[in-house]
2 protein chains.
Amino acid sequence: MRATLMYGAGDVRVETVPDPTIRESTDAIVRVVRSCICGSDLHPFHTMPVAEHGATMGHEFVGIVTDVGSEVRTVAPGDFVIAPFAVSCGECEFCRAGLQTSCERGGFWNDTVLGTGGGQAEAVRAPLADGTLVAVPGIGEDADDDLLASLLTLSDVYGTGWHAAARGGVTPGSTVTVIGDGAVGLLAVLSARQLGAEQIVLMGRHRARTDLGREFGATHVVPERGEEGVAKVRDLTAGGSAIVLEAVGHRPAYDQAVGVVRPGGVISRVGVPQYAEATIGWPVFGPNVTLTGGPAPVRDYVERLLPGVLDGGVRPGLVFDRTIGLDDTPKGYDAMDAREALKVMVTP
Amino acid sequence: MRATLMYGAGDVRVETVPDPTIRESTDAIVRVVRSCICGSDLHPFHTMPVAEHGATMGHEFVGIVTDVGSEVRTVAPGDFVIAPFAVSCGECEFCRAGLQTSCERGGFWNDTVLGTGGGQAEAVRAPLADGTLVAVPGIGEDADDDLLASLLTLSDVYGTGWHAAARGGVTPGSTVTVIGDGAVGLLAVLSARQLGAEQIVLMGRHRARTDLGREFGATHVVPERGEEGVAKVRDLTAGGSAIVLEAVGHRPAYDQAVGVVRPGGVISRVGVPQYAEATIGWPVFGPNVTLTGGPAPVRDYVERLLPGVLDGGVRPGLVFDRTIGLDDTPKGYDAMDAREALKVMVTP
């Protein structure tokens with residue numbers, strides 16, 4: 001089959017690799033119907049050292065189950081499934097607590113320990129299929145394109161935006177500031193709106209994206225960054241935002257979050273931090289600011305978010321503004337890196 | 001009157017200064033009955049640059065009101081009062097939300113903006129007296145020494161230990177690790193016990209202190225530090241402590257907290273951080289660890305904690321293991337710095 005591999009920063013190739021096969025009795029094989037490129041895929045695209053063997057890529061996909069191991073009970077060949085970005089057993093303490101990203105037996109796609117490949121391919125072996133995959137009855141690969149796009153967001157970006165808002169404690173009437181106008185930031189806006197936030201300030205400066213942010217529920221857009229952006233948000237929120245959702249992961253975004261948060265407020269991070277250390281001294285401690293968040297246990301949110309997607313009440317798939325074939329994934333990375341595309345969907 | 005002043009690291013003096021007087025109509029004057037030296041007073045004791053004019057010291061005291069401004073309503077001359085370590089108006093958004101440490105009009109003792117003196121003195125001017133001070137009916141300076149000691153802890157260390165446990169989310173059955181066997185750490189143990197924690201691991205290595213920790217409710221004591229201590233706590237808690245209360249403020253204590261916390265867990269800090277930046281990258285983000293805490297709004301906790309102190313159900317005053325006269329405060333600093341005394345009480 002064909003699959004996307006990265007050989008170093010800026011070096012993405014589509015190559016023929018062996019088809020995935022059942023290795024464990026708890027495995028399933030999924031033929032990919034839609035996958036995509038994530039903002040977090042750009043981190044290795046910028047920094048990966050040159051490698052002799054390519055690394056498979058992609059951690060978001062939906063598809064059709066084609067084979068299952070003997071112990072698999074909850075999905076069967078022919079099922080349409082959503083694959084959350086974390087592999088999880090569904091049974092351990094952390095899975096039962098809704099923290100599938102810390103599963104004792106699980107891990108992630110493109111993981112050497114689990115031997116998993118990536119979603120930017122024709123097919124994927126899914127370990128711990130009962131815990132990991134979510135079957136969506138009544139849906140097939142012939143579903144409406146918009147619906148498939150929205151279903152795909154449940155494998156990562158919508159659940160990740162939701163996680164930001166949920167961990168941030170958004171409730172009806174909340175004031176929320178979202179830092180970052182990437183797909184996760186925009187879906188954090190959508191999630192905050194769904195949870196009843198009254199004022200939603202979106203910090204971002206790409207007009208097409210912030211326009212979508214307004215469509216998703218942002219009440220204000222602040223294009224300024226740094227001290228200027230902080231001052232503007234503090235002014236808009238009469239002294240600071242009680243809830244700040246940080247959907248970028250770079251240090252300046254974190255510093256902005258610390259700058260705009262209100263005393264007693266919460267900073268909820270879902271952007272994978274590209275820094276080891278940052279300010280948690282007096283500027284965070286003094287005003288009793290809480291810092292929370294992490295990789296989203298999207299598996300835990302699928303059932304909650306699926307009905308709105310199926311009935312069209314929400315359209316998170318609008319974050320995809322470009323669709324390419326699998327052979328074109330290298331171009332998809334380039335387009336996202338150049339910010340020509342917000343988020344690129346891949347059809348194998 | 002006599003008051004304690006610090007002129008630089010290691011240089012504490014008791015001098016005669018002008019008596020405090022009413023400046024604002026919302027002021028009260030409090031004659032100090034008991035005050036004390038805080039672990040956080042040791043930070044300037046180690047680092048304060050040499051100063052021409054001494055800085056007044058002390059932020060914990062109980063006393064008798066001797067005078068009030070014309071607008072003061074809730075305390076009157078003759079009242080016995082507890083003075084929380086933050087001055088607060090009681091009326092602003094943050095005071096109403098129980099975050100008096102972020103009061104819009106308040107501040108702290110020994111504050112140049114508010115013009116406040118310190119508790120290690122014969123008397124103190126208390127601004128915003130209605131919001132700041134808590135009268136305790138039926139108590140006078142002739143009260144039992146043990147009771148006065150416990151009442152004094154409500155001005156800081158007991159409320160601060162309580163804040164750690166409350167912000168950490170301790171509930172019946174919780175597993176809690178407390179880092180630090182100073183007065184705040186020990187009272188965090190007591191607070192966790194009161195909130196129903198089942199397993200309380202105290203990380204500390206001063207036997208007399210950890211013995212008091214056991215009396216307050218610690219179920220395990222881990223004297224080891226660093227990696228060894230982390231490994232021991234992870235073993236005792238079967239993989240990490242869901243709640244970690246950090247009551248020291250130095251970087252190694254924070255690193256220990258990150259080391260022992262369970263995925264999805266909480267680190268609640270009440271030790272004033274003596275670092276600007278620290279690890280909040282993947283080791284905190286990856287397992288979805290929440291970091292919370294800050295200076296305790298002890299004003300908000302007094303009513304909750306006072307009954308147990310008055311009826312003797314809890315004896316937080318046991319943290320005082322030495323009592324000195326005001327003229328001896330320099331010796332008190334030396335004794336705490338040398339760890340000869342856990343916490344020193346001062347009787348003017």
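Helix α5(A) passes helix α6(A) in a right-handed crossing. The model is predicted. In chain A, α5 spans residues 157–168 and α6 spans residues 183–194. Two packed helices are described by the angle between their axes and the distance between the axes. Here the angle is about 55° and the axes lie 7 Å apart. The pair α5(A) and α6(A) is therefore oblique. On the α5(A) side, the contact is made by V157(A), Y158(A), T160(A), G161(A), W162(A), A164(A) and A165(A). From α6(A) come A183(A), V184(A), L187(A), A188(A), L190(A), S191(A), A192(A) and Q194(A).

Next, an annotation. An unreviewed UniProt entry lists residues 183–278 of chain A as "domain: Alcohol dehydrogenase-like C-terminal". Over residues 183–278, chain A is 45% helix and 26% strand. The end C-alpha atoms of that stretch are 24 Å apart.

Now to I280(A). It sits in the loop between β16 (277–279) and α10 (282–285) of chain A. Is I280(A) buried or exposed? Its relative accessible area is 0%, so I280(A) is buried. G78(A) is another matter. It is 202 residues from I280(A) along the chain, and their C-alpha atoms are separated by 50 Å.

Strand β15 (residues 261–269) of chain B pairs with β17(B) in the parallel sense, over 4 bridges. R269(B) has G293(B) of β17(B) as its bridge partner. In a regular strand the side chains alternate between the two faces of the sheet. Strand β17(B) covers residues 290–293, and both of its faces are covered. T290(B) and T292(B) are buried on one side. L291(B) and G293(B) are buried on the other.

Chain B also holds an open sheet of 3 strands, in the order β2-β1-β4, with antiparallel pairing. Which strands form its edges? They are β2 (11–16) and β4 (55–56) of chain B, each pairing on one side only. Strand β1 (residues 2–8) of chain B pairs with β2(B) in the antiparallel sense over 6 bridges. Within that pair, G8(B) stands opposite D11(B) of β2(B). Helix α12 (residues 329–337) of chain B packs on the sheet and touches β1 and β2 of chain B. The direction of α12 makes about 160° with that of β2(B).

Methods. Residues are numbered from 1 along each chain as its sequence is written. Chains are lettered from A and ligands numbered from 1 in the order in which they are written. This is a predicted model: local features need pLDDT of at least 70, side-chain atom pairs count only at pLDDT 80 or more; totals for chains, interfaces and linings use all residues. Side-chain values use heavy atoms; hydrogens and water are left out. Buried means under 20% relative accessible area, exposed over 50%, partly exposed in between (1.4 Å probe, protein chains only). Helices (H or I, at least four residues) and strands (E, at least two) are DSSP runs, numbered from the N terminus. Two strands pair if DSSP finds at least two bridges between them. UniProt positions are given in the numbering used here, feature names are shortened, and annotations may be inferred rather than shown by experiment. Axes are lines fitted to C-alpha atoms, for helices over the stretch in contact, and angles run from 0 to 180 degrees between N-to-C directions. Angles under 35 degrees count as roughly parallel, over 145 as roughly antiparallel, 65 to 115 as roughly perpendicular and the rest as oblique. A crossing is left-handed if the near helix is turned anticlockwise from the far one by less than a right angle, and right-handed if clockwise. Contact means heavy atoms within 4.5 Å.
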